[in-house]
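Here are some friendly notes to read alongside the model.

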Amino acid sequence: MSRAGRRATAHRPAHRPARPHPHPTAPGQATAGSGTPLPSGPPPQARTGLVVTLVLGGLTALPPLSMDMYLPALPRVSDALHASSATVQLTLTACLAGMALGQLVVGPLSDRFGRRRPLLIGMVIYVLATAVCAFATTAPLLIGFRLVQGLAGAAGIVISRAVVRDLYDGMAMARFFSTLMLISGVAPIVAPVIGGQILRLTNWRGVFVVCTAIGLLLTLVVWRRMHETLPPENRHKGELASTFGAMRHLLADRVFTGYVLAGSFAFAALFTYVSASSFVVQDIYGASPQTFSLLFGLNSIGIVGVGQLNGKVLVGRVDLDRVLAVGLGLIGVSTAALVLLTTGALGHATLPEIAAALFVMMSAMGLVLPTTNTQALLRTKANAGSASALLGTSSFLIGAVLSPLAGLAGDGTAVPMAVVQLACTIVAVACFAGLCLRGRRTVEGP
């Protein structure tokens, strides 16, 4: 070999990225949908340590920590503040609406200024607002600071997803979202149980004291151990208006929008259960706060277990759109069963029957929610914060608007809860079929 040839060989990269293959995927290869192959793993810089994984899981757990620990106390809050159950449910709706609107702001800001600074500011405000909630003396005051709590807590939700997109791609991202579901899924399992035990020792204000302590601990860990994942050279350099304008371009992608809406309406069905189940299970079917907490924890175990089945077994073997279709189908069957049970079409419904239908519905969320997140974020890389904001804002805003409908008929019936859940599922299926599947076929062909 000539000297020039040896020199060229010496400077040749040891590993060259594989050229995209034009043919269909090989048997067993993971696909995002309609035969589109998923990248096989994260880049070298995407390898995260255990602490970062736990921090991201903790940030993702903010919604259940903020709401689920509080659920067993809802009837007592109603009595203590002399407010109706519908008014007390607005404390959940306010928190959810705050998380929706907050993500819409924080996501684009994190694309402009990086992930770490907006996250720390949001976490500090979250801790302060939660502490104020513990001393609220009226329902309007509690509703107001629950809104602030949600606005600030949105930073942890939206930025955690954006960090995952910074670090991972394709199949690895799908698996990591399932890992986050395992970590964050511990929160809804233990939160209502802890809330029920707190009520045995003190009143509902103690729930917010505990949430304040958890938020403070998580803030300190983020400050000490969470590093910046969006380098300055990858941030938006223009004005903030152009950063927010990225959302318009994302929404122009009908497939992206379809996954966002499908996941959002599925989440609305879930949050309808979250906001109404405390009254349904305790007031209508006579369960104690401790029994409700155990049932709620069992449903959370279902989400975590199915989510791990998705991440460890299905991802890499089954087309993600097929996984999503099965998940939506299971939610549809279970919510239809709830309508039949609560209306008396199948006779007098008992608590075990209602609990079984809710368990199937909640478990299927372990297939739907991480898959819609992955499929939507796979549509973009440069605007991960904005994409994450649209995912979160749509989910929380739709949930905040629709979930109060479950209480319109009063406290004596569970029919509105079941009807709202079924309607949300039907819309989610329509968005998936009409925008995602049809949009992929239009772009990629049959």
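**Notes on the predicted model**

1. Helices here are DSSP runs of H or I with at least four residues, numbered from the N terminus. As for provenance, this is a predicted model, in which local features need pLDDT of at least 70 and side-chain atom pairs count only at pLDDT 80 or more, while totals for chains, interfaces and linings use all residues. Residues are numbered from 1 along each chain as its sequence is written, and side-chain values use heavy atoms, with hydrogens and water left out.

2. Helix α11 itself covers residues 254-284, which is 31 residues, and spans 42 Å from its first C-alpha to its last. That is close to the 45 Å expected at 1.5 Å a residue, where the expected span is 1.5 Å times one less than the number of residues. You will also find a bend of about 55° at Ala276; the bend is the angle between axes fitted to the seven residues ending there and the seven starting there.

3. How many of the 31 residues of α11 are buried? The count is 27, so the helix is mostly covered. Buried means under 20% relative accessible area, exposed over 50%, and partly exposed in between, using a 1.4 Å probe and protein chains only.

4. At the start of α11, one of its side-chain oxygens comes to within 3.1 Å of the backbone nitrogen of Val255. Asp253 also forms a salt bridge with Arg379, with the closest N and O atoms 2.9 Å apart. This pair joins distant parts of the chain, 126 residues apart: Arg379 sits in the loop between α14 and α15 (384-402), and Asp253 in the loop between α10 (240-251) and α11. Arg379 is partly exposed because its relative accessible area is 34%.

5. A salt bridge here is a side-chain nitrogen of Lys or Arg within 4 Å of a carboxyl oxygen of Asp or Glu, and the count by this rule is 3. Side chains of opposite charge can pair when their charged atoms come close.

6. Which residues are linked in a network of salt bridges? They are Asp111, Arg115 and Asp166. Asp111 meets Arg115 at 3.0 Å, N to O, and Arg115 pairs with Asp166 at 2.8 Å. Asp111 counts as buried because its relative accessibility is 2%, and Arg115 is buried at 3%. Asp166 is buried too.

7. Helix α7 also holds Gln149, which is buried with a relative accessible area of 0%. Its side chain makes a polar contact with the side chain of Arg146 at 2.8 Å. A polar contact is a pair of N or O atoms within 3.5 Å; within protein, one must be able to donate a hydrogen and the other to accept it, and residues adjacent in sequence count only if both atoms are side-chain atoms.

8. Ile125, in helix α6, is partly exposed at 40% relative accessibility. Its C-alpha is 8.9 Å from that of Leu151, 26 residues apart along the chain.

Terms used
Helices (H or I, at least four residues) and strands (E, at least two) are DSSP runs, numbered from the N terminus.
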